[in-house]
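Try each task before you read its solution.

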Amino acid sequence: FFFLMIRRPPRSTQSRSSAASDVYKRQEKMQRVAKELQRIQEYALFKDLMKEVRNMEALITEYQDFLRRRLYQNNLQRYQNIGRKKLDKFYEQYVNEFQQLDKYVIDRKSTMKSIQEEELTKTNERMTKGMDLLKFKPKKELREYQTCLLYTSPSPRDS
């Protein structure tokens, strides 16, 4: 940046057409041109600065995308690990409950088998007692009564 010193005409000069006035006018014109050049230079610097800002924004956006992908991958990996752990835990519970169910079925079968064997034994005992009752011979008075009933009952030939 460069700045021009503005030189004022001497106070003794009253006329505007004097040489000092011409110098003053030239200096004023040069100052306007210098300010305009400065604005142009500032605009060029601003333009370069904005270009760099846009480049930085693009780099920041690219880095943010990279971080998002990395975060997504980390979260995905974390969720997969959590899913695997839950699946393994579920599988362990399933296997454990299935083994308990198998054990229950085996115990229940043995219980039912022993109950059926007891009932079979009781039924056999009752049948044996019933057979013993059938083997029992009636007393003499009952035999006579049976004989009497046989002879007094109507015969199909009687009708």
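**Exercise 1. The nonpolar patch**

Task: Find which residues form a nonpolar patch on the surface, and state their accessible area together.

Solution: 
- Start with the kind of model. This one is predicted.
- List the members. Leu87, Phe90, Tyr91, Tyr94, Phe98, Leu101, Tyr104 and Val105 form the patch.
- Give the area. Together these residues have about 880 Å² of accessible area.
- Val105 is in helix α1.
- Val105 has a relative accessible area of 33%. A patch member needs over 30%, so Val105 passes this cut-off with its 33%.

**Exercise 2. An aromatic pair**

Task: How many aromatic pairs does a search of the whole structure find? Describe the one formed by Tyr94 and Phe98.

Solution: 
- Count. The search finds two aromatic pairs.
- Take the pair of Tyr94 and Phe98.
- Apply the cut-offs. Centres must lie within 6.5 Å, and planes under 30 degrees apart count as stacked.
- Locate the two residues. Both lie in helix α1, four residues apart, which is about one turn of the helix.
- Tyr94 is partly exposed at 46% relative accessible area. Phe98 is partly exposed as well, at 42%.
- Link back. Tyr94 and Phe98 are both members of the nonpolar patch.

**Exercise 3. Salt bridges**

Task: Count the salt bridges. Then say which residue Arg39 pairs with, and which residue Arg68 pairs with.

Solution: 
- Count. There are two salt bridges.
- Take Arg39. Its partner is Glu36, and the closest N and O atoms are 2.9 Å apart. The cut-off is 4 Å, so this contact of 2.9 Å counts.
- Look at the spacing. Arg39 and Glu36 are three residues apart in helix α1 (residues 19-135), so about one helical turn separates them.
- Glu36 is partly exposed, at 40%.
- Take Arg68. Its partner is Asp65, with the closest N and O atoms 2.9 Å apart.
- Look at the spacing again. Arg68 and Asp65 are three residues apart in helix α1, so about one helical turn lies between them.
- Asp65 is partly exposed, at 31% relative accessibility.

**Exercise 4. The whole chain**

Task: How many helices and strands does the protein chain have? What share of its residues is buried?

Solution: 
- Count the elements. The chain has two helices and zero strands.
- Find the buried share. Of the 159 residues, 4% are buried.

How values were computed
Residues are numbered from 1 along each chain as its sequence is written. This is a predicted model: local features need pLDDT of at least 70, side-chain atom pairs count only at pLDDT 80 or more; totals for chains, interfaces and linings use all residues. Side-chain values use heavy atoms; hydrogens and water are left out. A salt bridge is a side-chain nitrogen of Lys or Arg within 4 Å of a carboxyl oxygen of Asp or Glu. Buried means under 20% relative accessible area, exposed over 50%, partly exposed in between (1.4 Å probe, protein chains only). Patches are made of residues with over 30% relative accessible area and no salt bridge: like charges are joined within 9 Å, nonpolar side chains (Val, Leu, Ile, Met, Phe, Trp, Tyr) within 5 Å. Accessible areas come from the Shrake-Rupley method with a 1.4 Å probe; for residues, only the protein chains shown count as cover. Rings of Phe, Tyr and Trp (its six-membered ring) pair if their centres lie within 6.5 Å; planes under 30 degrees apart count as stacked, over 60 as edge-to-face and the rest as tilted.
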